[in-house]
Amino acid sequence: MESFLEAILSGQYEAVRAALERPDLDLDYQDPVRDGNSALHLATIAKHNKTRLIELLIDAGADCDLRNQADLTPAELALDKGSHYVAEFTLCKELDAVPDEQALRRLIRRGSVELLKIFLEKRAFDIHTKMKLFAQLLDELTVKGVSIDRSMSVFLEYEMIAHSYGEGDVEGSAARQRRLGAAGGASSKRKADGKVQCSTGETEADRRIELVQSYTKYLTERYDHDNLHDLDDEFVVRLRAICESLYYLDGLECCGRSDWALLKLIPLGEFCYLCGVFLSILEKAAGFEMYKLVLNKNAIVTFLRAVSEELGTLVQPRSVRSDRSFQWTPQLLLDLIVCIREQKLSQYVARRRRASEVLQRIATSTDPLQAADHDLILKELGRRELATLQEGVLERDTKWGVADYVRYLRDAADRSPLTVGQLWHRYHPKLRLSKRQVAYVASRRELLAKIRARRLDELSRNKTKLLERELGARELQGSPLARTVRRRHRIVYGQIRRTYEQLWQMHTVKRIAYYVENALVIDLDDRSNATLCLMAIQRVLQYVGDAGKESHQHQTAFARMLTSLLDHILSPLASTVPAEADYYREAFSARCTVGKYFLSKALTGEQVKGVQERLKAVYRFCLYVINIQLIEAYKTFLG
């Protein structure tokens with residue numbers, strides 16, 4: 001064996017080929033004297049005939065996955081020695097005639113990023129095929145529990161996010177690559193209160209959002225929406241990755257762009273909770289089967305689609321966002337003033353028509369006007385309020401005549417007065433106007449009183465400057481902070497919050513019943529159990545107090561129920577010393593931890609028995625609430 005290895009090191013091709021004819025030759029022998037290198041390892045560092053020896057040994061069946069004492073395969077050893085061509089030749093010879101998927105799986109498990117790059121360059125995959133193979137193999141290895149080297153995992157994630165998640169958007173993909181490349185070795189860390197300080201600006205958040213979008217698209221297109229049982233390991237893997245990314249975004253404290261304040265309007269924390277519950281259902285965790293009545297695959301995918309679409313607006317370039325912001329000009333502001341005046345004019349005419357039966361008859365009739373009707377119209381046109389409202393709506397130095405007023409009455413008879421938004425849409429159909437901007441301009445009475453024209457050339461220089469000063473108002477700047485969630489998503493977010501509250505309440509009542517049951521099974525007749533019972537009671541009170549504190553802000557009815565439970569449990573303590581009833585209630589409120597009370601005052605045996613007796617009624621009540629919640633959940637499940 002020694003002569004065989006020496007022949008390889010010295011590059012004696014004919015001697016090696018002759019030695020391979022021997023039946024007793026161990027081709028995969030790793031020599032401990034030579035750092036655990038096999039024959040193929042030595043061929044990559046031979047003095048002569050490297051490629052010929054490598055080809056000869058691989059054709060003879062040498063194992064290319066063997067690792068020496070430095071944990072290097074033959075191809076990795078060649079790279080380590082600086083022989084890039086030898087490593088490339090070894091890899092190509094090893095994977096010759098091996099299917100693409102099998103070759104990629106072997107290289108990913110091997111963990112060498114450099115070898116994977118060489119292989120990808122040689123095979124020249126198109127980007128869609130490459131990303132599809134990456135995603136498929138990553139999920140397969142994750143589900144099977146196969147560990148992947150950290151550097152390999154980072155490289156694959158980078159490739160998938162930089163290319164695959166921006167299909168059809170070459171410029172956006174290139175921009176994401178630049179951002180990821182600029183991030184370098186920056187890091188993000190989570191503070192003790194759960195908030196994340198992101199030292200990379202919005203780069204990491206962008207990456208997480210693009211991951212959520214890609215996986216959401218996969219889940220919605222890959223699985224049948226109507227089939228609740230259309231689930232597999234890939235669904236679970238992607239949903240878990242989405243949950244981790246949303247948890248990161250929920251803890252995000254700072255970011256480089258001000259418009260990311262919209263992130264706080266998305267119920268990320270509630271949705272992460274729902275994802276965790278659904279994953280526990282799929283894993284058949286104990287006690288989670290009952291939540292199937294409230295939460296299923298369709299609900300999760302629907303919630304996820306709404307969250308993903310709203311998150312997608314944060315990573316879009318400003319030029320392609322469909323938000324309400326646009327650049328105001330003096331002419332646009334003047335058009336808005338005209339719309340406000342025109343609405344007031346239409347409201348005034350509608351009000352006068354409702355107040356006069358004659359005007360109603362004229363508006364609904366097509367007959368010519370009588371003499372009395374003509375005089376009434378002239379009287380209406382002579383009203384000062386109508387003359388004032390016409391200024392700025394009609395062209396300069398023009399007034400309504402009788403025929404104009406009658407025509408306006410009859411046109412508006414079959415419809416209600418138009419809103420400012422509808423009138424604005426006639427002038428600028430592509431510019432979306434917010435109610436906040438309309439309310440601001442309508443509140444500027446001084447501006448409305450001075451500006452009475454339809455075009456800028458009809459205004460004086462001072463009035464033009466007045467319009468220009470108004471353009472600096474914060475309400476007209478189209479600030480990203482003024483952006484809100486889309487209406488259809490607000491409805492889904494309401495469903496997310498209601499589902500979260502329902503599940504959280506069910507889980508809280510179950511936990512209370514569990515802790516109460518543990519306190520009730522302790523026999524106080526045995527004095528040795530007194531301390532154990534006291535600890536169990538303390539745990540019940542502590543959990544009820546904490547749950548009441550957590551639900552106090554949003555779920556007031558449920559918080560009142562928990563407060564009543566706490567008062568019921570503590571009533572024996574207050575009855576023993578009536579003068580201290582208020583003190584006990586305050587001590588066990590949400591503002592005071594129960595643990596501090598027990599550290600300062602020890603309960604007597606009679607007080608512990610009284611509390612335990614009260615816990616029996618609490619246990620029955622919790623079971624009743626659980627049954628009621630199950631009935632309501634079943635009604636929801638039935639539709």
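**Entry 1: getting started**

Before anything else, a reminder to myself: a helix here is a DSSP run (H or I) of at least four residues, and helices are numbered from the N terminus. I also noted that I'm working with a predicted model.

Most residues other than glycine have a negative phi. I went looking for exceptions.

I stopped at Asn49, in the loop between H3 and helix H4 (50-59). Asn49 isn't a glycine, yet its phi is positive, about 55 degrees.

Then I checked Asp35, in the loop between helix H2 (13-19) and helix H3 (39-44). Asp35 is another non-glycine with a positive phi, about 60 degrees. With 48% relative accessibility, Asp35 counts as partly exposed too. The cut-off for exposed is over 50%, so Asp35 stays in the middle class.

I also jotted down Ala124, which follows H8 and has a positive phi near 55 degrees. In H8 itself (residues 113-123), I found Val113, Leu115, Leu116, Ile118, Phe119 and Leu120 buried.

**Entry 2: the largest core**

Nonpolar side chains tend to be buried together in soluble globular proteins. So I looked up the cores next.

The largest nonpolar core holds 78 residues, and Leu246, Leu295 and Leu311 have the most contacts inside it. Several helices give two or more residues to this core, including H12 (203-222), H13 (233-250), H26 (530-551) and H30 (605-638). Which helix gives the largest share? I found that it's H25, with 13 residues. Both domain 2 (204-315) and domain 4 (490-638) contribute residues, so I read this core as lying between them.

I followed up on Leu295. Leaving out residues up to four places away in sequence, Leu295 touches Leu274, Val277, Phe278, Ile281, Ile300, Phe303, Thr499 and Leu503.

Apart from this core there's another, of 26 residues; Val420, Leu433, Val438 and Val441 are among them.

**Entry 3: two helices packing**

Two packed helices are described by the angle and the distance between their axes. I took H16 (residues 330-355) and H22 (residues 435-443) as my pair: the angle is about 80 degrees and the axes are 10 Å apart. That makes H16 roughly perpendicular to H22.

Which residues make the contact? From H16 I listed Leu333, Leu336, Ile337 and Ile340, and from H22 Gln437, Val438, Val441 and Ala442. Sorted by class, that's seven nonpolar residues, one polar and no charged ones. Val438 and Val441 are names I'd already written down for the 26-residue core.

**Entry 4: a buried lysine**

I looked up Lys297, in helix H15. Lys297 has a relative accessible area of 3%, so I marked it buried. What does Lys297 touch? Not counting residues up to four places away in sequence, I got Tyr223, Asp224, His225, Asn227, Leu228, Asp230, Leu231, Phe235 and Phe278. Phe278 is also on the contact list of Leu295.

**Entry 5: Val406**

Last stop was Val406, in helix H20 (residues 402-411). Val406 is buried, at 7% relative accessible area. Beyond residues up to four places away in sequence, Val406 touches Ile362, Leu369 and Ile377. I also checked Leu359, which is 47 residues away from Val406 along the chain; their C-alpha atoms are separated by 9.0 Å.

Conventions
Residues numbered from 1 in each chain as written. Predicted model: local features only at pLDDT ≥ 70, side-chain atom pairs only at ≥ 80, totals over all residues. Heavy atoms only, no water. Axes fitted to C-alpha atoms, helices over the stretch in contact; angles between N-to-C directions. Parallel < 35°, antiparallel > 145°, perpendicular 65-115°, else oblique. Contact = heavy atoms within 4.5 Å. Nonpolar A, V, L, I, M, F, W, Y, C, P; charged D, E, K, R; others polar. Core = buried A, V, L, I, M, F, W, Y, C linked by side-chain atoms within 4.5 Å. Buried < 20%, exposed > 50% of the residue type's maximum accessible area, 1.4 Å probe, protein only. Domains from an automatic or database assignment.
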